[in-house]
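Please open the model in a viewer and keep the selection tool at hand. The stops below are to be selected in turn.

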Amino acid sequence: MKDILMATTVPELKHYLTDQESLRTHPQWNTLIEIVTGATNLSSAGFPYISDRSFRLFVEKVPHLFNEGQLLLSWLRLLEKIISDFDELIEVQRESADRAIKVIRTVVLTAGITAPPDLWLLKQVLSSHKEVGICDWFLEHRVLEPEEFSKRHKIDFKQLKIDLHFLHSRGYLEKGDGDFLFSDKDAITDVLRNIQTMNPNFRVDIFNKLRAWLSGQDESKDNEDFLRSWLTFEADDSPTGSWIANHHHLELGYRLLPLVLALRALELNTKLREGVGFAEIVPNVFSEITNIFSKAGYLHRGRVTELGDRVFQRGAGPFGIIYAYNPYINQLNHILQSKVVSTWVNRGDNVSASQDANSKTFQAANNALDAFCQDHKFEFTVFVEHAVGHGEATRQRVLKDGENAIRYFGADLEDDAINRAIEEQRIGRLPKNMKFIGSADIGQPAKVLDFLKNEGLADEPTVMVVGNGFHEIREQTNDKMIDVFRQYQEAGFILVFAEESALHDEALLRTAWNTYHAGFRYVHEISGQGLRPAWERDQGHTRWSWRKCATVGGYTVLEKYSYRSRTIYPHKRPVHKNPSI
């Protein structure tokens with residue numbers, strides 16, 4: 001990022017906005033004006049950012065989830081009009097205010113996507129903790145030392161630590177010297193006091209029940225009664241005064257995630273644009289469903305809002321990735337009690353949603369591959385997509401190069417993913433010459449290498465694209481990950497891959513809802529998968545970054561072709577302390 005924030009605050013603008021009675025309708029109007037008239041700038045990548053002080057003011061004083069988020073978006077539209085009518089404002093000042101408004105809007109819309117998955121998890125984690133006595137312990141003692149508590153109450157120590165770090169990252173616990181302290185904020189006390197154990201009948205795949213109802217496949221009285229019961233809740237919506245979610249938010253997020261996924265599965269979400277009447281697009285609906293969306297700020301008087309538009313269009317990808325771990329979450333109470341459970345990630349019904357999340361990444365990957373081939377006069381004849389899903393990377397590739405000169409292969413560990421890709425091929429979205437490699441653990445390169453050898457392609461120039469697949473390798477060590485990279489490198493594979501880097505608790509706390517990494521990290525930890533840090537910066541850090549593992553494994557990382565999204569903080573940070581999302 002550039003080194004200097006543009007100090008464009010002028011008393012005239014601040015006084016002008018403060019005097020506008022229409023802006024005082026927002027509870028935090030004064031704080032918001034302070035942010036909008038504060039210093040701003042553009043990062044070297046062209047993203048607007050605000051000052052550290054402004055961002056701290058926002059997350060600590062401006063609640064922005066659900067209806068509060070939509071209220072703020074409406075207020076920002078009004079603010080933009082008022083600023084545009086201020087004739088005395090010079091261009092540089094107007095640009096600075098516009099940057100601040102863009103940052104606030106982005107943070108609110110980002111929270112619309114990132115919060116529901118975390119809240120879906122939080123509701124169920126805390127319900128399981130209520131069942132095994134952890135919530136009551138915190139209310140009585142306030143402090144919990146994980147190892148001692150685990151021994152005394154026969155709780156699985158590893159899972160308890162994972163849970164406590166997740167709760168800490170979402171602001172519910174404070175971290176002490178080896179222990180965790182229950183935060184005594186009123187909203188958090190309200191959550192712990194009012195959270196209930198999960199109704200055993202709800203420990204099922206709610207998503208499929210919703211999809212069956214909305215599609216008309218199961219309009220039975222039993223299914224209707226079940227869904228109405230599941231959608232109904234009572235929870236106090238007292239404002240928290242900050243970014244931290246209250247009990248009402250948890251209950252909403254728990255229901256919103258599978259609801260949005262069901263709409264995506266029926267391909268109704270893309271039609272739910274701002275201003276559209278919800279019932280016009282989703283006719284097979286009852287009041288409890290529209291009530292949930294209205295409480296969330298997605299609908300106003302039955303029509304889709306700006307926030308609702310964003311979530312319906314962009315939410316299914318991150319939502320689906322998290323919901324794939326439903327089998328683990330449904331058995332969390334048993335995992336905590338060290339009971340033997342047999343489960344695995346259930347990607348089958350959520351491959352489409354996951355593919356939505358990765359589509360933009362694959363565009364960047366394929367564009368980078370084009371640039372590399374052009375610069376180095378490199379031609380390849382074999383294209384492998386590992387963690388294939390729907391084959392989105394391949395679909396994009398074949399649109400560029402066709403299938404006459406390239407052989408395509410899709411590999412995946414899960415049969416559901418392979419079957420979905422085969423179906424995509426059947427309907428013409430994937431190349432006819434594409435072959436599939438099932439039961440292919442990406443951590444065991446021999447499966448793919450032997451398959452290509454049997455096809456007579458072992459010496460052909462090969463590109464392998466991997467979208468968020470390496471983290472699924474179980475029981476990762478640095479040596480194991482290096483060996484995996486080394487085997488692909490020695491086979492001559494040009495490797496193009498994307499992975500989300502691990503973020504620590506404090507980074508998640510400081511960025512509030514500006515990434516969905518807290519839940520992403522949690523579900524991967526509970527299932528035994530491994531994320532890696534963005535870089536080796538902490539002394540004694542035992543897990544190396546993807547970059548270092550690949551480099552030690554024999555690869556050269558080409559910065560020129562690398563892609564990074566916007567950073568997790570929308571403000572300037574010291575060097576190497578603001579990783580990309």
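This is a predicted model: local features need pLDDT of at least 70, side-chain atom pairs count only at pLDDT 80 or more; totals for chains, interfaces and linings use all residues.

Residues are numbered from 1 along each chain as its sequence is written, and side-chain values use heavy atoms, with hydrogens and water left out.

Select Phe-58, Phe-293 and Tyr-522: these touch the most other members of the largest nonpolar core, which has 130 residues. Such a core is a set of buried Ala, Val, Leu, Ile, Met, Phe, Trp, Tyr and Cys residues joined through side-chain atoms within 4.5 Å; buried means under 20% relative accessible area, exposed over 50%, and partly exposed in between (1.4 Å probe, protein chains only). Next, display helix α5 (residues 91-132), which gives the most to this core, with 18 residues. Helices (H or I, at least four residues) and strands (E, at least two) are DSSP runs, numbered from the N terminus. Apart from this core lies another of 25 residues, including Val-466 and Trp-546.

Turn now to the salt bridges, each a side-chain nitrogen of Lys or Arg within 4 Å of a carboxyl oxygen of Asp or Glu; the count is 34. Select Lys-175 and Asp-505, whose closest N and O atoms are 3.0 Å apart. This pair links strand β4 (residues 173-175) to helix α24 (residues 505-511), across 330 residues. Lys-175 is partly exposed at 35% relative accessibility, whereas Asp-505 is buried at 4%.
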